[in-house]
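User: I'd like to go through this one term by term. Can you tell me what stands behind each label?

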Amino acid sequence: MLRAVFLFPLFFLALLSAPFAARAAMEIEVVGGAANRIAIALLPFSSAQGQPAPALQQIVGDDLKRSGQFSLLETQGMAPPDLALVSIGDWRSKGAEAVVAGQVTALPGGRFEVKFRLLDAVKQTQLVGYSYTITAGQWRATAHQIADIIYEKLTGTRGAFASHIAYVQKQGKRYELKVADADGQNPRTVVRSGEPLISPAFSPDGASLVYVSFEDKKPVVYVQSLREGGRRKAAAFKGSNSAPAWAPDGRRLAVVLTRDQASQIYLINVDGSGLTRLTRGGNIDTEPVFSPDGQTVYFTSDRGGSPQIYRVAASGGEPKRLSFGGSYNVSPTLSPDGRYLAYIGRDGGRFRVVLQDLANGQTRVLTDSARDESPSFAPNSQSVLYATVQGGRGVLGTVSLDGKTRARLSEPGVDAREPDWGP
Amino acid sequence: MNKIFGIALLALTLSACSSTGDKAAVEDRTGGTTGTATQAGDGKSAGNGTETTGLGAEGVKGSAIDGGKYAGDPRKDPASPLSKRSVYFDYDSFVVKDEYSPALEAHAAYLVSKRDARVVLQGNTDERGSREYNLALGQKRAEAVRKALSVLGVTEGQLEAVSFGEEKPRDEADNEAAYAENRRVDVVYGDE
């Protein structure tokens, strides 16, 4: 009886919480073998009454699984161990290389204390341990931070689970530009419009979004502060204004304008001053994106007769073609570590995400879908976010750089498109 | 040369308009109002053009609003080439086909005769491929129509080529017929 009384508010809270409902729709697909995956035992955290759902180890586990770099040992239904008395040896014998244990304690005023330890199962030592005091509203953010710490300790590369994504959701004739956590949860609307919104991109510091809105009966580039919500037009010249990309310094943008007739790439200060033209010709030059050092601009051009990926020095000069396979390669994006180019390639009528190693030009198709668009690297360069179509609706997905782990982020009932992965 | 041809065409268009205007008004009216339709069925034999015209004369007062939509404005006359506002393109093509020459010449003549009139050429594409690349493709189509009008004597200040890319499809279906409908440039006047 007492148990039922305590369970009811928990259940009610779960119903109210959108992340819970959406989480149930997350799908992680592992395509290839488990080679090189780090085996980890993520033990159930001891829970506190009134804590949000789902449990922290669930959110952390989904993060780690989505990265494609971990295999999680079966721990469901196990009792949470005392944080000071985790039997590492048992897990070592089951093949675990690392063990995570944690506990949640309720504090006065609706706050919680969260503690976790990451243990090396081979050396039988603690790799790292942290304690947080949080509100219920910081529940998911705390889980992503824990996942980031585990990821960095075990792979040597910083995690990207606590980062954010932006995307456009279409419902009937309504368009909403949204910012969500990197796992697609906790979405917040930052622009609502009755006209299309496309091409959102986070500023390097994550404080602003640039995007294209059709509310003025033509495409116009807007820059919006995420904190205050204020915005201004960054490019509203005669003709179309589109395809904005941030320079790494966050002060300049590359945009595509048609003020001189053909779609050409220009550089402009974020406040709309200092316009200079970067590419010259009568063909289409569009979808510019800066290299991480700001020295090079990658873009799509049909100057060779079909759309292909090119690059040009940010100071101008003669563009050089980079993509050669197939007759349709578009939407280039650079990994923040500068090693990879990703783009959408058409092959036999299917549009899929292609990864190209910039050092040797070798390419690899990462996805197995047919209508992929808008690729964007994780801030740690370890996976690619993209839009695709499933059951006639736009969905967002991530794929690991080896193409073996794909996850769907958004619910299938929601039409999501134009994702960008930001800080 | 083109300009002279354009003005001659405009004159033709205007005279054609004045002679067909009443007839068109009648068609609008009988089709649009149930009250009129009942009257039309009252003793008037179907397929009799003269009686239809008669009804129109009788209903001139009643249909004043309908007729007013394009009364005196040749752009709204269904019989005028100015009422043709869409230019369709073949797959992966930016070539304005010959069949659109009469309509574009009429629009050019109208714009030449009214220097304060402005048009926006709105390019569209089908939904396949990159949104931004499609925006550029739609722009290339809008630009082709802009150039055609410019050659016919329309000034730069009267013309703006913009693109909606794949964002505002007229037909949202996912098939070849819809793709063809969406590979299009619309001629939209600034005062409409």
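**What the labels rest on**

Analyst: Chain B has 7 helices and 4 strands. From its N terminus on, the elements of chain B run α-α-α-α-β-α-β-α-β-α-β. This is a predicted model, in which local features need pLDDT of at least 70, side-chain atom pairs count only at pLDDT 80 or more, and totals for chains, interfaces and linings use all residues. Residues are numbered from 1 along each chain as its sequence is written, while chains are lettered from A and ligands numbered from 1 in the order in which they are written.

User: What makes a stretch count as a helix or a strand here?

Analyst: Helices (H or I, at least four residues) and strands (E, at least two) are DSSP runs, numbered from the N terminus. Strand E3 of chain B, for instance, covers residues 159–165.

User: Why is E3(B) called largely enclosed?

Analyst: A residue is buried if 20 or more other C-beta atoms lie within 10 Å of its own, exposed if 12 or fewer, and partly exposed in between, with C-beta atoms placed from the backbone. In E3(B), 7 of the 7 residues are buried, so the rest of the structure largely encloses this strand. Leu159(B), Ala161(B), Ser163(B) and Gly165(B) point one way, Glu160(B), Val162(B) and Phe164(B) the other way, and all are buried. Across chain B, 38% of the 192 residues count as buried.

User: How do you know that E2(B) and E3(B) pair?

Analyst: Two strands pair if DSSP finds at least two bridges between them. Strand E2 (residues 119–124) of chain B has 6 bridges to E3(B), and the two run parallel. Among the partners, Val120(B) is bridged to Glu160(B).

User: What about chain A: how many bridges join E5(A) to E6(A), and which way do the strands run?

Analyst: Strand E5 (residues 111–120) and strand E6 (residues 125–135) of chain A are joined by 10 bridges and run antiparallel. Lys115(A) has Ser131(A) as its bridge partner in E6(A). Their hairpin has 4 residues between the strands, and Gln124(A) takes a positive phi near 55° there.

User: Is E14(A) mostly covered or mostly exposed?

Analyst: Mostly covered: 6 of the 6 residues in E14(A) are buried. E14(A) also runs antiparallel to strand E15 (residues 252–257) of chain A, with 4 bridges between them. Ala245(A) is bridged to Ala254(A) in E15(A). In this hairpin, which has 5 residues between the strands, Gly250(A) takes a positive phi near 75°.

User: Why is Leu56(A) called buried?

Analyst: Leu56(A) has 25 other C-beta atoms within 10 Å, so it is buried. Leu56(A) is found in helix H3 (residues 56–67) of chain A.

User: What does Leu56(A) contact beyond its sequence neighbours?

Analyst: Two residues are in contact if their C-beta atoms, placed from the backbone, lie within 7 Å. Leaving aside neighbours within four places in sequence, the contacts of Leu56(A) include Phe45(A), Val104(A), Val114(A) and Ile146(A).

User: How many residues does each chain give to the contact between A and B?

Analyst: Chain A gives 26 residues and chain B gives 17. Strands E10 (197–202), E14 (241–246), E18 (285–290) and E22 (329–334) of chain A each supply at least two residues of that side of chain A.

User: Where are the domains of chain A?

Analyst: Domain 1 is 19–155 and domain 2 is 164–422; such bounds come from an automatic or database domain assignment. The domain centres, taken over C-alpha atoms, are 33 Å apart. In the contact between them, 18 residues of domain 1 meet 17 residues of domain 2.

User: Where does pLDDT stay under 50 in chain A?

Analyst: pLDDT is the predictor's confidence in each residue, from 0 to 100. Chain A has a mean of 91, and 93% of its residues reach 70 or more, but pLDDT stays under 50 over residues 1–25. Where pLDDT is low, the predicted coordinates should not be read in detail.
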